[in-house]
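Student: I would like to learn how to read strands and sheets in a model. Can we work through one together?

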Amino acid sequence: MWGVLRALRARKTPHFPFFLKRCYGCVINVKNPLKFQFLFFAFLLASCASTEATATPTPGAESAVYLPTLFQVREDARASQSRLDDERPNIILILTDDQPFETVQFMPTVRDVLIKYGINFENGFVTTPLCCPSRSSILTGQYAHNHQVLTNRMPLGGAPKLDVSSTIATWLSDAGYVTGYFGKYLNSYDDIQPYGAVPPGWDEWATLLDAEFFNYNMTVNGTIEKHGEAPDDFSADVTTRNAVDFIVDSKDEPFFMTVGYFNPHSPYTWAERHHAQFRANSALTAEPYRNPAFMEEDRSDKPKYLQELNSISVEKIDITYKQILRSLLSVDDGVASILNALDKTGLSDKTVIVYLSDNGLTVGDHGFGLTKNCPYESCIRVPFIMYAPGMFPARAETGFAANIDLAPTFADLAGISAPVSVDGISLLPLIGNANTTWRDDLLFEHWPTEDGIGSLIPEFYAVRTAEWKYVEYSTGERELYDLINDPYELNNLADRPEYAEIQSQLKARLDALKKE
């Protein structure tokens with residue numbers, strides 16, 4: 001295992017990207033046991049332009065220095081030898097909210113530690129590109145048409161729709177794991193009675209009742225906590241502190257922890273310490289998001305809803321993109337803090353970390369603004385990383401991985417069998433042998449949401465293979481894309497005579513998947 005602090009002390013190629021070109025070894029150590037301290041690393045702010053996308057560098061100006069912030073463990077306590085001798089691994093799921101696929105490249109720790117030394121699933125997907133259905137699939141291992149959480153709110157979806165009697169939490173709890181969930185849970189969780197109730201299977205529970213960055217209620221093992229506007233109330237940092245504390249408290253037993261960040265969901269709020277980044281003269285920079293599908297002009301081959309969509313301005317998209325990148329830096333701090341806590345407790349070699357988003361997000365793709373729910377790659381493809389270098393060698397993996405695979409994978413890691421109701425499959429055979437026979441397609445589903453752009457997108461079902469994507473809408477409209485020659489899905493080939501055979505084959509497979 002690549003020890004986080006060991007690598008830094010040895011001055012080898014660091015896991016944490018703390019030695020960027022414009023970064024220097026400045027150290028601030030703020031000792032505050034009630035809050036957090038900076039250890040070895042500090043975040044330094046420098047004033048810069050207040051504009052978002054239009055700022056221009058000042059010649060000769062110094063860049064704002066960036067170093068990740070660590071939320072330190074309460075005590076420097078090592079796990080017991082009996083825990084280290086136990087073969088069962090700890091399992092940590094880090095889940096973001098509405099994260100565009102490509103944005104991981106702007107998260108220093110995720111990019112330079114998790115991806116570099118982990119298994120990066122380049123074809124990682126969510127089968128329903130919407131928060132609550134996707135998160136329900138993670139918990140159950142089921143397609144949305146089976147767990148029946150179809151949207152974010154009642155009557156079609158939301159937390160009250162999910163049957164929580166059988167989830168990965170109950171399975172692992174029964175198997176002797178200590179379980180904890182921190183941060184965002186499911187949309188409409190605040191509609192469940194009694195208010196703040198803890199679902200079965202979770203030993204430690206500190207989740208948002210209102211998915212917000214400030215001014216929210218949190219339920220801590222059923223007790224309601226109110227959080228306001230103070231910097232320490234920033235929900236991402238509260239989530240990170242709870243996660244770090246859980247690692248220390250549970251160090252002598254195998255544990256399963258989900259860390260659900262609300263970031264970078266709208267309104268794309270960032271921590272004040274990250275205000276200087278992704279601006280003129282900042283240490284972290286990014287060009288505006290562009291690809292061949294950006295603000296696609298000719299949408300005459302697309303479904304009617306997309307042809308009639310009124311796009312937001314490019315300026316607004318560019319400004320929001322920088323806000324998203326800033327918001328994600330709090331998650332990156334959380335990842336760094338979790339890695340540090342594992343190192344401090346000696347559990348680095350005993351822990352599997354999985355990182356993904358509950359759905360992707362368009363950033364101007366196909367004329368959309370910032371949205372999800374669509375069948376295109378920007379909505380269904382997500383960052384999907386498994387980090388456990390002490391167990392699995394690092395590599396880029398092209399085999400299909402999906403949110404429905406996490407529950408059976410976690411069960412497999414814990415040495416138990418997942419229920420027969422699960423639609424996903426354990427990723428361990430693929431991780432263990434890149435040449436193993438593996439699935440060659442996935443089903444994707446969407447139901448119109450209660451509001452927003454998702455309410456305009458008709459119900460659809462889609463099948464994706466390595467080479468093709470075929471989509472059927474409830475309106476009778478269809479889409480067919482050659483993903484090898486048209487990876488940005490610009491040319492809809494549906495119903496063209498020369499593609500009739502492949503369309504027929506994909507339709508047959510789609511019909512079969514819908515029945516699973």
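Student: Why is strand β14 largely enclosed by the rest of the structure?

Tutor: This is a predicted model. Buried means under 20% relative accessible area. Six of the six residues of β14, residues 460-465, are buried, so the strand is largely enclosed by the rest of the structure.

Student: Which residues point one way from β14, and which the other way?

Tutor: In a regular strand, side chains alternate between the two faces of the sheet. Here Phe460, Ala462 and Arg464 point one way, while Tyr461, Val463 and Thr465 point the other way, and all are buried.

Student: How many bridges join β14 to β13, and how many to β15?

Tutor: Strand β13 (residues 441-446) runs antiparallel to β14 and is joined to it by six bridges. In that pair, histidine 446 stands opposite phenylalanine 460. Five bridges join β14 to β15 (residues 468-473), again antiparallel, and alanine 462 stands opposite valine 471. β14 and β15 form a hairpin with two residues between them.

Student: In what order do the 10 strands of the open sheet come?

Tutor: The order is β7-β6-β5-β4-β8-β1-β9-β10-β2-β11, with mixed pairing. β7 (223-227) and β11 (395-397) stand at the edges with a single partner strand each, so one side of each has no neighbour in the sheet. From one strand to the next, the twist averages 15°.

Student: Which strands does helix α3 touch?

Tutor: Helix α3 (residues 108-117) packs on the sheet and touches β2, β9 and β10; its direction makes about 75° with that of β10. Helix α9 (residues 314-345) also packs on the sheet, touching β1, β8, β9 and β10, and its direction makes about 175° with that of β9.

Technical notes
Residues numbered from 1 in each chain as written. Predicted model: local features only at pLDDT ≥ 70, side-chain atom pairs only at ≥ 80, totals over all residues. Heavy atoms only, no water. Buried < 20%, exposed > 50% of the residue type's maximum accessible area, 1.4 Å probe, protein only. Helix = DSSP H or I, 4+ residues; strand = E, 2+ residues; numbered from the N terminus. Pairing = 2+ DSSP bridges. Axes fitted to C-alpha atoms, helices over the stretch in contact; angles between N-to-C directions. Contact = heavy atoms within 4.5 Å.
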